[in-house]
Amino acid sequence: MPHRTSKRSGIEMATREHSVQAKIPLALQSIVSAIEILRRRHEVAEKLRVLMNDHYRDTLETPDLQGIIEANTWLFGSAYETLGAEDDTFTKIAKSLRDSVKGIDEIDLNDLDDDDSAFIAGANKQPDLFLARKVPHHDAMGRRIYRCIVLEIKRPGIALNYKHLMQLDGYAQLIKKHPEFSSEAMHFELILIGRKIAASDTEIRSRMMSQKERGMLGLVSDDGRMKRFVLNWYTVLDNFLLNNLAMIEALELKRESYAHASRPELIADLQEQAA
């Protein structure tokens, strides 16, 4: 009997050792995968910064920014990494309400980052990028809800101002009044994104300051089931770098220069599905 017990103990020990050894490669794979994801995202952030610095006048909402954003929703934070597929009914209603906001697609000289009237003709023919998703989620109390995320991305040549903020507020009011969106289970996040906020604007910044204690990037309003955000691309990119700074420094990821890359090259690479 003692011999059998010893033999059984030896087998159990060998089994445990084998199990531990099997887990080590898996753990290493996870680490390597995480490092590669961060490396790729760091590269995306740097290339997007070059696009906004050097090619913003010629970059279009669709198809340029649309493909970039759909491949890299993580740019807006971990809560946006997986937005899932479109809900056709939700998207159709959300888009029709958005299109009914007065003057939402009109551009004038006050909206331009550069004072160039020739830019207006082409820009007015190009609709803003609009993405909408309805995602099952849990709220802070653990209750099942729908996160209804609506992204409106302005062409990079446009500087966000008071007019755009009022359009965002108008859109929020239309959503609140629509019967289809009256469910207490539907929680909206309306996100307006542009290259920059106009230097002359004070209202957007004032609204942000009034919500600063909430600790939510770009928040300008929180009405229970509806949050409104105004973001600029440089804040989004810096936020990614700061949130991952420790790992970026530990891995010695450098800020590469992509100034030599053409706009089509940058866009094609940025539209590849992120790791």
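The following exercises, with worked solutions, concern a predicted model.

Residues are numbered from 1 along each chain as its sequence is written, and side-chain values use heavy atoms, without hydrogens and water. Because the model is predicted, local features need pLDDT of at least 70 and side-chain atom pairs count only at pLDDT 80 or more, while totals for chains, interfaces and linings use all residues.

**Exercise 1. Determine how H2 and H9 are oriented to each other, and classify the residues of their contact.**

Step 1. Helices are DSSP runs (H or I, at least four residues), numbered from the N terminus. Helix H2 spans residues 61-71 and helix H9 residues 263-270.

Step 2. Axes are lines fitted to C-alpha atoms, for helices over the stretch in contact, with angles from 0 to 180 degrees between N-to-C directions. The axes of H2 and H9 lie 8 Å apart, at an angle of about 30°.

Step 3. Angles under 35 degrees count as roughly parallel, over 145 as roughly antiparallel, 65 to 115 as roughly perpendicular and the rest as oblique. H2 and H9 are therefore roughly parallel.

Step 4. With contact taken as heavy atoms within 4.5 Å, Asp-64, Ile-68 and Ala-71 of H2 meet Arg-263, Ile-267 and Leu-270 of H9. Ala, Val, Leu, Ile, Met, Phe, Trp, Tyr, Cys and Pro count as nonpolar, Asp, Glu, Lys and Arg as charged, and the others, Gly among them, as polar.

**Exercise 2. Describe the pairing of Glu-43 with Arg-40.**

Step 1. A salt bridge requires a side-chain nitrogen of Lys or Arg within 4 Å of a carboxyl oxygen of Asp or Glu. By this rule there are 21 salt bridges.

Step 2. Glu-43 and Arg-40 form a salt bridge, at 3.4 Å from N to O. The two are about one helical turn apart, because they are three residues apart in helix H1.

**Exercise 3. Identify the backbone features at Pro-63 and Glu-252.**

Step 1. Most residues other than glycine have a negative phi, and most peptide bonds are trans.

Step 2. Thr-62 and Pro-63 are joined by a cis peptide bond, with omega about 5°; Pro-63 lies in helix H2.

Step 3. Glu-252 has a positive phi, near 55°, and is in the loop between helix H8 (245-250) and H9.
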